[in-house]
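Hello,

Here is the structure I promised to hand over. Please have a look at it first; my notes on what turned up follow below.

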Amino acid sequence: MRPKHAIHPYLLLAPTIAILALFFIYPLFVAMDDSLYRWDLLTEPRYAGLSNYRELAASGALSGVIGRTLGFAVVVVSGSCSLGLGLALLLNRPGRIYGAVRGAVFSAYVVSWVAVALLWMWILDADSGVVTRVFRALHIPTARWLADPDTALWAIAFVTIWKITGYAMVVFLAGLQSIPRSLHEAAALDGAGRLARFRFITWPTLRPTTAFVATTSLIMSFQAFDVVRVMTQGGPVKSTTLFVYAIYEEVFVTFRVGRASALVVVFFGILIVLTLLNLWALSISRRQRKVAA
Amino acid sequence: MSTLDRPTPVGRALRGVGLVVIAFAWVAPYAWMTLTSFKSTRDIVDAPAWPIPSSFRTDAYEEVFRTVPVGRYLLTTLVMAFSIAALQIALALPAGYALAKLRFRGKKVAFLLVLACMLIPPQVTFVPVFSLLGPVGLVNTMGALVVPFAVSALGTFLVRQALLSIPDEIIEAARLDGASELRIVYGILGPLLRPTLAAMFLFSFVYHYSDYFWPLVMTTDDHVRTLPVAIALLREQGTGVRWHVVMAGNVVLSMPILAVFALAQRQIVRAVAGTRT
């Protein structure tokens with residue numbers, strides 16, 4: 001449509017564009033620029049060329065944090081996707097009880113990370129946590145879950161899966177409900193059992209949904225921060241220092257803004273790749289649904 | 001139902017067991033949190049794994065309210081979350097209208113900018129934003145908490161998509177009646193998109209109420225502290241055995257959101273599951 005006055009579209013868009021430019025786009029350039037300096041927020045920044053990047057790469061800090069975050073992401077994505085799919089299949093039926101259980105699982109996704117993290121810290125407490133006590137009473141070997149470098153990241157991954165599985169479940173449920181019931185009925189009449197129907201109807205239709213849920217949870221797990229900050233502060237001995245926490249630590253603990261900015265730039269590069277993957281999954285899922293419809 | 005499901009007794013029993021296990025895995029932690037919050041220090045020290053408090057006490061809550069100005073922090077958090085959600089909708093409507101309905105130079109660029117910003121999360125911008133706001137004294141203000149989120153790129157995109165399906169004739173008719181552009185945007189298009197906007201508002205409100213990351217990095221003193229930051233501090237200050245106090249804080253923090261969730265579960269689920277369509 002033709003605007004009533006030529007200036008109108010610009011006025012309507014002005015606040016949006018201004019804020020996006022100022023708080024999204026401009027910071028990217030600031031980060032790139034800051035990454036070339038040494039700066040502790042107090043004294044004058046000193047130009048340092050690419051040395052921030054070089055040091056991060058040479059010290060192994062960068063590969064360490066990328067590897068750790070990737071491992072964490074793989075565990076969280078595979079855990080929450082398979083669990084979410086299983087829950088969606090089991091809970092995809094009418095009735096009050098099913099509704100209540102779906103609500104309970106999804107509520108964890110809505111409640112704040114702080115609440116979830118504190119709650120599981122208490123449950124997993126190495127001395128008086130209920131898990132430790134019950135394991136001990138049953139003579140099952142237990143661990144200092146959050147205080148042991150071998151188990152801490154697993155514990156964080158477990159809590160993250162507990163929190164975000166509700167998201168996967170809800171998206172899978174929407175996917176399941178878009179499968180026409182007649183398809184299942186026709187297959188059942190032809191003698192297809194439950195497993196055969198899953199294999200030849202449900203799974204192929206859900207595959208694009210799965211790709212979408214997986215890439216979205218991948219991005220979520222790369223952005224994990226709250227759970228680390230509250231439960232372990234990156235420790236013990238860096239075993240839970242995930243990417244965003246590493247950036248945070250460089251700014252607010254060691255006051256190396258230049259290094260933090262270099263990490264931000266690398267992090268953003270990784271996110272772009274993950275997001276392109278995500279959009280690709282989304283476009284396949286759309287195309288497939290159009291074909292189905 | 002009839003052609004598909006001939007539940008065998010074994011199948012039904014397995015399903016029942018599955019339901020119980022799931023319900024336990026997701027409800028028991030909340031129950032544990034709530035039960036712990038009514039315990040006394042002695043219960044926590046002597047029998048931490050015994051679920052039932054020796055007597056239901058409100059000591060922990062009294063301590064939370066004594067040591068944390070819950071009312072003030074809650075108010076700060078609610079004002080912040082409400083302002084963000086309201087601003088996002090107030091700004092997404094005119095922008096979405098321009099992008100969906102009006103012809104003008106630079107429209108493609110503007111739309112691409114919105115799409116690009118969907119790729120940039122706060123975890124990427126916080127360091128530069130902090131280093132920009134710090135020196136000019138803008139950290140520790142409500143503005144630093146609200147303004148960076150006043151525009152949601154995703155929200156703008158969703159409003160634009162929703163407006164595409166509204167026929168131009170409605171807008172033309174309103175113009176013929178002499179309605180101004182702002183009146184068209186807020187008075188006519190806004191109400192037409194009510195379900196979309198309601199879902200967006202709720203989702204944004206719930207998200208920012210619970211947000212820990214941004215308030216943590218943008219505030220260092222307590223006059224704009226939000227509740228999640230304060231409750232997390234409860235643990236850091238604790239001596240390690242005062243879990244009943246931490247859990248009482250947790251209950252206080254989670255109750256408002258669980259209440260909103262109970263009332264508006266359908267819209268929130270729609271907002272979450274709907275982002276893929």
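Chain B has 14 helices and zero strands. From the N terminus on, chain B therefore reads as α-α-α-α-α-α-α-α-α-α-α-α-α-α, and its radius of gyration is 24 Å, well over the 19 Å that the globule rule gives for 277 residues, so chain B is more spread out than a compact globule. Please keep in mind throughout that this is a predicted model.

More on chain B. Its C-alpha atoms fill a box of roughly 75 × 70 × 35 Å along the principal axes. Of its 277 residues, 41% are buried. Among contacts in chain B with a separation of 6 or more, 77% join residues 24 or more positions apart. The chain is divided into domain 1 (9-62) and domain 2 (69-237). The C-alpha centres of these two domains of chain B lie 38 Å apart.

Now chain A. It has 12 helices and two strands. The order along the sequence is α-β-β-α-α-α-α-α-α-α-α-α-α-α. The box for the C-alpha atoms of chain A is roughly 75 × 75 × 35 Å, again along the principal axes. Buried residues make up 43% of the 293 in chain A. Residues 24 or more positions apart supply 69% of the chain A contacts with a separation of 6 or more.

The interface

The core

The largest nonpolar core has 160 residues. A:Val114, A:Ala117 and A:Ile247 have the most contacts inside it. Helix 7 (residues 152-177) of chain A contributes the largest share of this core, 16 residues. Domain 1 (9-62) and domain 2 (69-237) of chain B both give residues to the core, so it lies between them.

What does A:Ala117 touch, leaving aside its neighbours within four places in sequence? Its contacts are A:Val159, A:Asp226, A:Val227, A:Val230 and A:Met231.

Helix 5 of chain B

This is the other helix 5, residues 107-117 of chain B. Here B:Ala110, B:Val114 and B:Cys117 are buried. They cover an arc of only 70° around the axis, which puts them on the same side of helix 5 of chain B. B:Lys108, B:Val109 and B:Leu112 are exposed on the other side. Which elements do the buried residues of helix 5 of chain B pack against? One partner is in chain A: helix 1 (8-34). The partners in chain B are helix 4 (70-101) and helix 8 (153-164).

Best wishes

How values were computed. Residues are numbered from 1 along each chain as its sequence is written. Chains are lettered from A and ligands numbered from 1 in the order in which they are written. This is a predicted model: local features need pLDDT of at least 70, side-chain atom pairs count only at pLDDT 80 or more; totals for chains, interfaces and linings use all residues. A nonpolar core is a set of buried Ala, Val, Leu, Ile, Met, Phe, Trp, Tyr and Cys residues joined through C-beta atoms within 7 Å. A residue is buried if 20 or more other C-beta atoms lie within 10 Å of its own, exposed if 12 or fewer, and partly exposed in between; C-beta atoms are placed from the backbone. Helices (H or I, at least four residues) and strands (E, at least two) are DSSP runs, numbered from the N terminus. Domain bounds come from an automatic or database domain assignment. Two residues are in contact if their C-beta atoms, placed from the backbone, lie within 7 Å. The radius of gyration is taken over C-alpha atoms; the globule rule is 2.2 Å times the number of residues to the power 0.38. The arc is that of the directions from the helix axis to the C-beta atoms.
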